[in-house]
Amino acid sequence: MRKFLLKISLFISIFSGIYLLFFYLVQEGIRKSDYQDFAQWNEIYSGQINSDVIIMGSSRAWRQVDPQIIDEKLDCNSYNLGIDGYHIPMQLTKYEIYLESNRLPERMIYIVDHFSFDKREDLFNKIQFAPYFNDTILTKRLKSYEGYKWQHYNTPYFQYSGSKEVALAGLTESLGLKDFKSNKFKGFRSKDQSWENDFDVERELNPEGKRAKVKAEVVNEFQLFLEEQKKLGVEVVVVYSPDYIGFQDYIINRDSVMQIYEGITQKLDIDFIDFSTHYLSQEKDYFYNPTHLNSKGAEIFTNELTSMIESE
Amino acid sequence: MYFNSLEFFLFLPLVFAIYWLIPKKNVLEKNVVLLLASYVFYGWWDWRFLSLILFSSIVDYNLSQRLGKQNDKKKRKFLLFVSITLNLGLLVFFKYCNFFIDSFAEAFSFFGQSMDPARLDIVLPVGISFYTFQTLSYTIDVYRKKLEPSRNIISFFAFVSFFPQLVAGPIERATNLLPQFKKEKSFNYVESVDGLRQILWGFFKKIVIADNCAQIANRIFDNYDSMPGSMLFVGAVMFAFQIYGDFSGYSDIAIGLSRMFGFNLKKNFAFPYFSRDIAEFWRRWHISLSTWFRDYLYIPLGGSKGGKLRQLRNTFIIFIVSGFWHGPNWTFVAWGGLNALLFLPLLLRDKNRKNLDMVAQKKLFPSVGDMLRILSTFIIVCFAWIFFRAETIADAGIIISKIIDPSFFTLPSFEFTEFFSLFFLIIFIMIEWLNRHKNFALELGDSPYPRWFNWSAYLATLLVIVVFAGDLQEFIYFQF
């Protein structure tokens, strides 16, 4: 038995050493990599953004608002913090993390929609958070979702299990074998694609439409956030981005969601720009799906939005 | 509790330490530890499942005691009947009840009568098919007087619930496993180390091969209507390796764990994809179930005695029952029936016991003829797996019809990460081929390599398991 225990201990010790070294290489590699979404998180954590204008929101922000156009038209330095697949709570966490290492912006463009007041239960694209479990702000929020468990937070490398491509990207980056390039510019990337037919099929399946979920705690969190930004002197403008006209009546409670935005912005005396009736919303040509503008639409939208902000 | 869970990695060293700390003469105490550990292991899924295993153990323990004392043939038969009825009754209720309700309703609708039957809200207890068959074989063996009924309730309960093989086999015979609970056990270094090697290899099969193949197979089968024939064929091949890696991986872990505790379980897989005909495949695949059906169904039905026709009938019965054992779906029945059909030409020509040894003995490569036989057997096995994997028989039909259309000749396309899976699959097949004469591929045996090489191989295997793990999938056979 003694021989067995000795050998097992030796084997486990050697493996632990290799394992921890491997984990270190993956983690460090990813933390300096421009691979996929890590590029933006690393940029945020590096504290080198320090933008005058921050664009907030979900995929409706990062797919539709081009910081390059804003920079040129408003002669400023802007950055898009939009986060794909998440509602307001995670959007606010991303901003909070941004402020850990970057200065307060002068202006904030908050892109909202009828889905914003929901909070999903699971983590979408959870691997993007894996290298940053040392950030308590992030982990506190992550723990409010299903996805990572105790062992992922407390066991080295567990958060990467099942994500071999990420592990290899981190390893190759660490060893200097590959230098990945970010696929976003200042957090933005448009999609050059024409209309997908998925919505037409969905509409046929649900002719009565769909109800947008509104969670009171999310509405409250959003209002408190805007209040705080105002107090801090950040000039906020809330923007309801275009959604295709044929989709608008599909959301049964769209008007009541809109009233919440109007109510909050009026109460706090914050600008609210609604693109629902804008000509962009009338044409399928500008969208790749009912709630996302394609490259052509995004360019027009950013230009129009910037002009409106400029004139106010 | 899953073998591939963090809980198990805490559970195992604890149980191992307590078990071996108990002096070897204290057999009872050792069995109590195993029994409690097995109940914790099983109850981890759902503590309510414990009531079933307790019920099954109590029933078979008591009936076997009565059988042991009873000499009257009729009464013995009655006791056996009670045991079979209660065991199979539980299995049928939990596993097949809704299936029978649905099938009954479908049969009615066939005659123009529509029915909206109320289905039962039943949770299928994991591993019920395995331990039911294990306890059944015990009672039948006692009835046949092949085995003395166990006088030690703890040994018997530990035998029924032995955690390494409880939820997915191998289905052990009481004649093999039960006496091992009565023997004194001293720690065996060689067995324990080799057991660990087998566990390591089992995890490699499950986590690297099965889970990665599952990702490809799922992508293809979930979108089968938009896939060309070539991709669907790839999907069938990937599923073949998924189910092999998954199930034989589990068996390796189970056997390896048992060896660490001083128990020897029977081999469940013997490199089945190197078989040269379907009969050989079935001698090498899920051996514990095949032999169970042979001993408790095929032979009582008359086996091969009584003419060719009876042999054919019995073969079809065991394949169809074996298919149905896998789950309450006509696809499994079709899978069993198809395998029986594939068996038919061999039976008719009396060639079903032709290939009893391992292919290419003492040679590196098989002959061209053997190679072609292996490939053709593998392909027909893959076709049968399509029924096993498909949701319905109609789906399986569509998939097969697409495979045999001209789109079969288009080039299959893979996603970037899938090339890793294919790479490890090729390595895996090579390792299995080179070690096909062993009990499992990583068995040390008379290894010609220096110790540092072996250690490096184990460390590399473990690292590959950690890094190249596929998306964690549940063991397929847990649902059976």
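**View 1. A:D37 and its salt-bridge partner, A:K184.** In this predicted model, A:D37 is partly exposed, because its relative accessibility of 23% falls between the 20% and 50% cut-offs. Its side chain meets that of A:K184 in a salt bridge, with N and O 3.5 Å apart. A:D37 sits in the loop between helix 1 and helix 2 (38–46) of chain A, while A:K184 sits in the loop between helix 8 and helix 9, so the pair ties together parts that are 147 residues apart in sequence. A:K184 itself counts as buried, because its 17% relative accessibility is under 20%.

**View 2. A:E221 meets A:R141.** Here the closest N and O atoms of the salt bridge between A:E221 and A:R141 are 2.5 Å apart. The two residues come from distant parts of the chain: A:E221 is in helix 10 (residues 216–232) of chain A and A:R141 is in helix 6 (residues 136–142), 80 residues away. Buried or exposed, what is A:R141? With a relative accessible area of 18%, A:R141 is buried. A:E221, at 26%, is partly exposed.

**View 3. B:E418 and B:R219 in chain B.** Now hop over to chain B, where B:E418 forms a salt bridge with B:R219, the closest N and O atoms being 2.8 Å apart. This pair also links distant parts of its chain, with B:E418 in helix 16 (residues 418–434) and B:R219 in helix 8, 199 residues apart. B:E418 is buried, with a relative accessible area of 5%. Another spot to look for in chain B is a network in which salt bridges that share partners join B:E191, B:D194, B:R197 and B:R259.

**View 4. A positive patch on chain B.** Which residues make up this positive surface patch? They are B:R66, B:K69, B:R151 and B:K182. To find B:K182, go to the loop between helix 7 (174–177) and helix 8 (189–222) of chain B. B:K182 counts as partly exposed, at 41% relative accessibility.

**View 5. A nonpolar patch on chain A.** A:L10, A:I14 and A:I18 form a nonpolar patch on the surface, and together they have about 220 Å² of accessible area. A:I18 belongs to helix 1 (residues 2–31) of chain A. At 32% relative accessibility, A:I18 is partly exposed.

View 6. A:K191 lies in the loop between helix 8 (164–174) and helix 9 (198–205) of chain A. It counts as partly exposed, with 24% relative accessibility. A:Y244 is 53 residues away along the chain, and the C-alpha atoms of A:K191 and A:Y244 are separated by 16 Å. For a bit of context, chain A has 13 helices and seven strands. Its C-alpha trace spans about 80 × 45 × 35 Å along its principal axes, and 54% of its 312 residues count as buried.

View 7. A disulfide is a covalent bond between the sulfur atoms of two cysteines. How many disulfides does the structure hold over all chains? The count is zero. A:C76 counts as buried, at 19% relative accessibility. B:C97 is buried too, with a relative accessible area of 18%.

How values were computed
Residues numbered from 1 in each chain as written. Chains lettered and ligands numbered in written order. Predicted model: local features only at pLDDT ≥ 70, side-chain atom pairs only at ≥ 80, totals over all residues. Heavy atoms only, no water. Disulfide = S-S within 2.5 Å. Buried < 20%, exposed > 50% of the residue type's maximum accessible area, 1.4 Å probe, protein only. Patch = residues over 30% accessible without salt bridge, like charges linked within 9 Å, V, L, I, M, F, W, Y side chains within 5 Å. Areas by Shrake-Rupley, 256 points an atom, 1.4 Å probe, with all protein chains shown as cover. Salt bridge = Lys/Arg side-chain N within 4 Å of Asp/Glu carboxyl O. Lys, Arg positive; Asp, Glu negative; His and termini not counted. Charge placed at Lys NZ, Arg CZ, Asp CG, Glu CD. Helix = DSSP H or I, 4+ residues; strand = E, 2+ residues; numbered from the N terminus.
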